There are 2 protein chains.
Amino acid sequence: MRKFDEQHELDSMNGALKLRGEINKIIDKINSEGYSNVAWLGQGGTYASAMQAVIHMKEKSSIETFVQNAAEYDVTGNKRITDKTLVIISSVSGTTEEVVKAIKKVNEVGSTVLGFIDKAGSPLAKLCTHVITYPENEQLKFFMVGDRLMNLAGEFPDYDEFYKEMDEHFAEDIVEVAKKSDSFGKEFAEKHHDDDIHYFVGAGNQWGATYSYAMCYWEEQHWLKTKSIEAAEFFHGMFEIVTRDTPVTVYVGEDSQRALSERVAKFLPEICGNYTIIDTKDYELKGISEKYRGEVSPFVFHQINNRIDAYIEHINRHPMDIRRYYRQLPY
Amino acid sequence: MRKFDEQHELDSMNGALKLRGEINKIIDKINSEGYSNVAWLGQGGTYASAMQAVIHMKEKSSIETFVQNAAEYDVTGNKRITDKTLVIISSVSGTTEEVVKAIKKVNEVGSTVLGFIDKAGSPLAKLCTHVITYPENEQLKFFMVGDRLMNLAGEFPDYDEFYKEMDEHFAEDIVEVAKKSDSFGKEFAEKHHDDDIHYFVGAGNQWGATYSYAMCYWEEQHWLKTKSIEAAEFFHGMFEIVTRDTPVTVYVGEDSQRALSERVAKFLPEICGNYTIIDTKDYELKGISEKYRGEVSPFVFHQINNRIDAYIEHINRHPMDIRRYYRQLPY
């Protein structure tokens, strides 16, 4: 397996799950002080993760929660973000220009800001009310925040049961997904590493990740053209350009929007001979109850996507760390 | 000018503006009875218009307002949609499957539904609390609803002044935009009618229209591949695949997010030799005050896009009414 360090994966996931104590201390305090709504603020990849967090919460919650693009907030603002708002961000570098500007503005408004900032002491870390520093696992961090908020609001009564299963089994499950999907990832990469354009279809708590995988991985890191589309929207315009050889990949997860992706997966073979269906149901998750599989579908897909990336990177002899323009030029 | 009927355009816009009396009677009643939030529910093109309505309101409003994709509502629901919610929809046929299903569910919840349904007596028309029937001008109808809500909430005090200018001048202004942009539309069509893929960049109250123009016009009606991207997101991944010959069009409007599109328009020529900037500032709007030009930028772009479409349709000898799959096959 290329680029796969089993012990690192296990440690990374288990470490992230252990953040829950720290997260809950902060969320419990915010909850007891009262908040009116929850804004997930991001840009690029973190904007995508924010979309996932909102959909994740919508399944159960009546809490007002929304995505806020950082750059849009910088110019248009959002009057729903007040001193009673909980704003949540995530950043690897802690320096993303648009987010720094947005959080400065949010601080003037007086919102509470919880930041998952991987670099301690960075500009963003200094601007947050509460900072948690731990690398990777952005989506899990966001879900743990949302889950605690819902738990405290009485909307996720079996929270403890769910996280007991996660803590005990999930890191190992995820490693097994990576191992099982490795040969698929290699075959997929061999087939699609030179596509003129590749279409990715996703729904529900996988939509944000679909948007992000297309844009932040294939476009940004592999320099391959893509288009991502919400499964529900596929039938309202986009599918007219799909013909026999159009490469289309559909993510079929197990959350409430599974039916939307399944609809695409069922119809696609009628009009396209170059499709791929990636279904989380094909992957065992030992110790995770059936009813929770939908919540964790994005993590399963993430492992599969990582396998694809490892092989595309090598076949194309294009190291994923290089950028043509991002932070290379002024703009 | 191909496919342009000046009198039809004038009548269509003036007739739409005259709907304001009918709209306000309904909105004033809903407002006096009280509502908690406003959901713009749509699918495909109407989902895109809903995005525009929300951004339009965000500029001024603290009313809770959001976009709801119809198909997603059908499976995931949304607990923020209650019997105190005003739900707004629009439909040409009145039969869009996902929206019919969603509105049936919304009716069980007990929300108030205002529908702009072009076909009287259609299934959707029968499901709405209030129905307005008038063809075309979807975006204007939505903006008139949002503007009245904001006016009643004290957030748009110069509402009367704005609509006085609109009623007196806008139909003629829009016809002038069409005439002035016709030769541009023809040249653009000649250059891009056979592009492998075309990129469209938009922001603010033009983002929804950018998404829709790419998907519901180029993909659905011209069978040309596209990708649409929010201007703010352009720098976070997508631009890595832009090189000398990549066709990219940027819409630069005059609303609060102008700076985001301008940033793309300024940088793009450094990395791309096949770009087009469409800027509403190049178009005079007689009788419309400077401060209102941002509100109406989408209508200016819409006329320009129509000019492009008229010529692409002819050059490609591809009538825009034909569909490969949409409502042709079961799915």
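The second largest cavity of this predicted model has a lining of three nonpolar, five polar and two charged residues. Residues are numbered from 1 along each chain as its sequence is written, while chains are lettered from A and ligands numbered from 1 in the order in which they are written. As the model is predicted, local features need pLDDT of at least 70 and side-chain atom pairs count only at pLDDT 80 or more, whereas totals for chains, interfaces and linings use all residues; side-chain values use heavy atoms, leaving out hydrogens and water.

**Cavities**

- Searching the whole structure turns up six cavities of 30 Å³ or more.
- Here a cavity is a set of points, on a 1 Å grid over the protein atoms alone, where a 1.4 Å probe fits but cannot get out, and lining residues have an atom within 4 Å of a point.
- Grid points are joined across faces, edges and corners, and a volume is the space filled by probe spheres set on the points.
- The largest cavity comes to about 1200 Å³.
- It has 49 lining residues, of which A:Tyr47, A:Val67, B:Tyr47, B:Met51 and B:Val67 are the closest to its centre.
- Both chains contribute elements with two or more residues in that lining, including helix H3 (45-58) and strand S2 (65-69) of chain A, and helix H9 (207-219) and strand S7 (226-230) of chain B.
- Helices (H or I, at least four residues) and strands (E, at least two) are DSSP runs, numbered from the N terminus.
- By residue type, the lining of the largest cavity holds 20 nonpolar, 16 polar and 13 charged residues.
- The second largest cavity has about 50 Å³ of space, and its lining residues include A:Tyr251, A:Asp255, A:Arg258 and A:Phe301.

**Aromatic pairs around A:Tyr251**

- There are 58 aromatic pairs over all chains, counting rings of Phe, Tyr and Trp (its six-membered ring) with centres within 6.5 Å; planes under 30 degrees apart are stacked, over 60 edge-to-face and the rest tilted.
- A:Phe200 and A:Tyr251 make a stacked pair, at 6.3 Å centre to centre with 15° between the planes.
- This pair joins strand S6 (residues 198-202) to strand S8 (residues 248-252) of chain A, and its two residues are 51 residues apart.
- A:Tyr251 also pairs with A:Phe301: the ring centres are 5.0 Å apart and the planes lie at 75°, so this pair is edge-to-face.
- Because A:Tyr251 is in strand S8 and A:Phe301 in helix H12 (residues 293-315) of chain A, the pair ties together parts that are 50 residues apart in sequence.
- A:Tyr251 is buried at 1% relative accessibility, and A:Phe301 is buried at 0%; buried means under 20% relative accessible area, exposed over 50% and partly exposed in between (1.4 Å probe, protein chains only).
- Ring pairs place A:Phe200, A:Tyr251 and A:Phe301 in a cluster whose members also include A:Phe184 and A:Trp218.

**Charges over rings in chain B**

- B:Lys60 sits over the face of B:Phe156, 4.2 Å from the ring centre; the rule asks for NZ of Lys or CZ of Arg within 6 Å of the ring centre and within 35 degrees of the ring normal.
- B:Arg263 is placed over the face of B:Phe235, 4.5 Å from the ring centre.

Definitions and conventions. 1 Å grid on protein atoms, 1.4 Å probe; cavity = no way out; pocket = protein on both sides within 12 Å on 5 of 7 lines; lining within 4 Å. Nonpolar A, V, L, I, M, F, W, Y, C, P; charged D, E, K, R; others polar.
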